[in-house]
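Take a look at it first.

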Amino acid sequence: MTASIQEFQQAGNRIFLQVAAIYLLMFACILVVSNSEVDGNLTFVLLSLVGWVVIGWCQFALFNALHEGLHMRFGNPHREFPAWLLTAFPLGFDEAYRSFHLAHHKYFGDPVRDPDYANYANFPKTRGEFISRLLLNLCGWRALRQFFDIRRGLGNEERVNPAERYLPIRLLLTQGLILALFSLTVGWFYYLWLWLIPLLTVAKFFTSTRTFCEHASPDNLAVIRTITGTFAGEKILGVFCFHYHAEHHRHVAIPCNRLAAAHAALQVLLYSNSEPGQPRYELFQQGYFRLLGNWYKDLPQRGV
């Protein structure tokens, strides 16, 4: 088994082209919205709504690309600083997030030590709670709370460098550079309107919804779930092969470009796993949206 796993550990450089394509899509969207008249213009409002969704999804996709950097798989060989510069700093993350994320892997399912536990625990009891849970991520507060949790080192008790508790200057410089680019091109207003708003709302909605699908369960037992079956779901919520989530958790050294091959080779062994102390792995083959729909339909209208 060790030898077969090693076959899937070769990262690729295609991730740089993928990240470049994401930025190009965001730039195009920003240009379209910013070239519309602002004052009392319904077209501007509608374009802004579409822009928030598209840009928020792009920011979510960059977050998934950041995940490759967290596991030292950003390119071949791994390129540390470009990973932070292209994905983490623009989204408001820094080196502190690596220990935050690795705590999720190490303490998965632990209500106290898994920093992502709140994103998939306490499965909703009614349809109203289900919808509310998803939509609350659009309010912006949960994104801000995660930011400050990382700053406080929540879930990162093993961190060895006390300086990581403070916001690195590079993060501020990157945000200043993005603000300057907006100011010199379309105007500083659009940094708030087309960067921060989707980052705090739509991007967080996509991230939390994906995490909920991959780890939540109606029986409130933590699960690690691979979700396949639909092209749209895999490209929208599972971008950068996040939908092969069980394979990733079981073998974190496998980069995103090799997870599909690993899934084909290892799924029989992975999903028949019954070793004591191992997480519960599941395979759902009808897509993210069908999974959410099934959960919603199975819930009662009102609580008992």
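Contact here means heavy atoms within 4.5 Å. This is a predicted model, where local features need pLDDT of at least 70, side-chain atom pairs count only at pLDDT 80 or more, and totals for chains, interfaces and linings use all residues. Residues are numbered from 1 along each chain as its sequence is written, and side-chain values use heavy atoms, with hydrogens and water left out.

Q: Which residues is histidine 263 in contact with, leaving aside its neighbours within four places in sequence?
A: Histidine 263 is in contact with Thr226, Thr228, Tyr244, Glu247, Tyr271 and Leu283. Histidine 263 itself sits in helix α13, residues 259–271. (Helices are DSSP runs of H or I with at least four residues, numbered from the N terminus.)

Q: Why is histidine 263 called buried?
A: Buried means under 20% relative accessible area, exposed means over 50%, and partly exposed is in between, using a 1.4 Å probe and protein chains only. Histidine 263 has 9%, so it counts as buried.

Q: Why do glutamate 80 and arginine 98 count as a salt bridge?
A: The term asks for a side-chain nitrogen of Lys or Arg within 4 Å of a carboxyl oxygen of Asp or Glu. Here the N to O distance is 2.8 Å, so the pair qualifies. Glutamate 80 belongs to helix α4 (residues 80–91) and arginine 98 to helix α5 (residues 96–106), so the bridge ties together parts 18 residues apart in sequence. As for the idea behind it, side chains of opposite charge can pair when their charged atoms come close.

Q: Are glutamate 80 and arginine 98 buried or partly exposed?
A: Glutamate 80 has a relative accessible area of 28%, so it is partly exposed. Arginine 98 has 17%, so it is buried.

Q: What makes the span of α4 close to the expected one?
A: The expected span is 1.5 Å times one less than the number of residues. With twelve residues, α4 reaches 16 Å from its first C-alpha to its last, close to the 16 Å expected. Its buried residues include Ala83, Trp84 and Leu91. The buried residues of α4 pack against α2 (14–34), α3, α5, α8 and α9 (189–200).

Q: Why is methionine 72 called partly exposed?
A: Its relative accessibility is 40%, so it falls in the partly exposed class. Methionine 72 is in the loop between α3 and α4, and its phi is near 60°, a positive value in a residue other than glycine.

Note on methods: Helix = DSSP H or I, 4+ residues; strand = E, 2+ residues; numbered from the N terminus.
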